[in-house]
Amino acid sequence: MDHFDTIVVGAGVAGLTAARLLAKAGRRVVVLEARDRAGGRVYTERTDGLVTDLGASWIHGITDSPVASAAEAFGMRMVEFTVGGYQPDSRPIAYYGPDGKRLSDSAARRFADDIHTLDATLLDVVAESAPDASYRDVTEAALAAQGWDEERTQRVREYLEHRSEEQYGAWIEDLAAHGLDDDSIEGDEVVFPDGYDVLTAQLAAGLEVRVQHVVSRVRRAADGVTVTTDRGIFTADTAVVTVPVGVLQSEDFVIEPPLPEPNAGALSRLRMNAFEKVVLRFPTKFWDDGVYAIRQQGSEGRWWHSWYDLTPLHGTPTLLTFAAGPAAVETRDWSEERLVDSVLSQLRRLFGSAVAEPTRVHVTDWQGDPFARGSYAYMTVGSTTMDHDALAAPVDGVLHIAGEATWTDDPATVAAAMGSGHRAASSILGRPIAIDDLWVDGTLPVKGVAHGIRQFSP
Ligand SMILES: Cc1cc2nc3c(=O)[nH]c(=O)nc-3n(C[C@H](O)[C@H](O)[C@H](O)COP(=O)(O)OP(=O)(O)OC[C@H]3O[C@@H](n4cnc5c(N)ncnc54)[C@H](O)[C@@H]3O)c2cc1C
């Protein structure tokens with residue numbers, strides 16, 4: 001049986017961050033990963049010379065972002081793409097009204113202004129909301145206070161529904177009133193033309209990452225942890241568990257003894273969402289140059305309301321849309337062909353016969369992925385923003401939980417995963433460490449190369 005200083009479960013951004021910082025501090029660390037690759041929900045597909053991020057794409061705000069600092073240090077090319085956070089107007093957006101006709105610039109401006117007006121009052125409504133209020137409850141209260149006519153109200157209501165779906169993959173009535181509190185964007189948003197997975201490859205470089213090791217049990221005692229995998233048992237003084245909330249909640253992943261409070265209560269109030277990407281590559285471009293996104297209003301846009309132009313990123317005409325919340329749940333068992341036809345029928349409503357059949361499509365299935373069980377976690381009604389940090393409270397001094405869902409400031413992101421891995425490493429070392437250690441002076445004191453270890457090199 002192999003004994004380590006720390007076992008990290010999961011080779012996503014959280015796990016790789018914790019492992020790298022601990023290894024740099026001279027600890028003997030192993031990362032146990034169920035998949036045949038590192039990266040987790042950062043996953044880049046490369047086929048026919050095309051690079052497609054099927055998990056995370058964006059840094060939602062590069063100001064003071066450790067992810068941006070790491071990406072820069074790793075030499076990753078970044079392309080500005082500031083509408084990813086479901087922003088109404090920060091960059092050119094082609095809006096189409098409920099009748100399928102393009103809105104004039106002044107009508108689009110009025111609509112975006114209404115959203116800003118609503119958002120300004122929403123903050124106070126959320127702050128004063130009851131503990132069991134949903135995001136729907138607070139947005140309806142804020143809408144009622146505006147005194148707008150029904151048409152104007154309905155347009156903004158739809159926008160708020162779509163925002164909670166696209167940002168959290170959750171229906172507005174299922175999301176806590178505070179569910180979007182920490183969803184702030186500081187600075188430009190960027191994406192990666194060469195793939196987000198360059199980041200995780202760099203974070204994994206030189207680490208002992210044992211892929212295809214499915215962990216089924218983490219048992220703790222006063223003197224350490226015992227981790228059971230389908231390829232044997234590992235022991236360590238401490239463990240960092242970074243599997244997604246959906247895995248933590250499943251019967252396939254047992255923590256013994258069960259998690260105490262506050263971790264257990266927090267875990268019960270978080271839930272994996274339903275959020276899938278649909279990437280469509282076309283033979284020709286049928287939308288305007290210089291437009292970042294296309295959005296349609298009205299009931300026809302119930303599911304398919306927003307398309308993002310990835311052409312500048314890929315060099316081929318490409319649109320990205322999302323099946324988010326109810327759309328993702330209801331189309332989960334659809335064939336790819338049926339789903340793409342459904343999306344195309346809406347595009348044809350706006351652009352007519354100019355919309356050719358796509359030459360290539362990608363439709364994700366994060367909901368069906370046993371090692372993700374959704375795309376990221378959201379706060380169910382009754383939860384508070386503190387639940388994120390509560391989930392990460394160290395357990396008996398030996399077990400540390402990290403991952404996107406355990407970080408209060410912008411949860412559900414790569415930045416959150418990185419922050420949580422950093423916190424777990426500091427907690428184990430018992431002293432603050434600089435997050436910059438992740439990317440400065442890249443070499444690691446690699447230890448004990450045993451069989452079955454994949455040494456990751458970018
Ligand atoms: C479609 C999609 C779009 C997204 N878009 C963005 C975006 O634009 N910007 C952004 O910042 N974030 C985005 N995210 C969220 C972001 O990808 C995640 O928040 C982040 O990558 C999570 O990292 P993590 O380390 O917490 O978890 P993960 O990356 O899930 O890492 C956990 C690891 O644990 C492994 N694991 C699971 N079960 C076991 C087991 N039993 N045994 C061993 N290993 C196991 C998994 O395989 C995985 O590698 C998106 C996610 C998805 C899915």
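The model is predicted: local features need pLDDT of at least 70, side-chain atom pairs count only at pLDDT 80 or more, and totals for chains, interfaces and linings use all residues. Residues are numbered from 1 along each chain as its sequence is written, and side-chain values use heavy atoms, with hydrogens and water left out.

**Helix pair**
- Helix α4 spans residues 135–144 and helix α5 spans residues 150–168; helices are DSSP runs of H or I, at least four residues, and strands are runs of E, at least two, numbered from the N terminus.
- Their axes lie 11 Å apart, at an angle of about 155°.
- The two helices are therefore roughly antiparallel (angles over 145 degrees, on a scale from 0 to 180 between N-to-C directions).
- Contact (heavy atoms within 4.5 Å) involves Y135, R136, T139, E140 and L143 of α4.
- From α5 come T153, V156, R157, L160, E161, R163 and S164.

**Ligand site**
- Of the 39 residues around the ligand, E33, R35, R41, W58 and V414 come nearest; a residue counts if one of its heavy atoms lies within 4 Å.
- A side-chain N or O atom of E33 is 2.6 Å from a ligand oxygen atom.
- A side-chain N or O atom of R41 is also 2.6 Å from an oxygen atom of the ligand.
- A34 places a backbone N or O atom 3.1 Å from a ligand nitrogen atom.

**Backbone spots**
- The E256 to P257 peptide bond is cis, with omega near -15°.
- A cis bond also joins E261 and P262, with omega about 5°.
- P257 sits in the loop between β12 (254–256) and α8 (263–269), and P262 is found in the loop between β12 and α8.
- D48 is not a glycine, yet has a positive phi of about 50°.
- The loop between β3 (44–47) and β4 (50–53) holds D48.

Definitions and conventions
Angles under 35 degrees count as roughly parallel, over 145 as roughly antiparallel, 65 to 115 as roughly perpendicular and the rest as oblique. A polar contact is a pair of N or O atoms within 3.5 Å; within protein, one must be able to donate a hydrogen and the other to accept it, and residues adjacent in sequence count only if both atoms are side-chain atoms.
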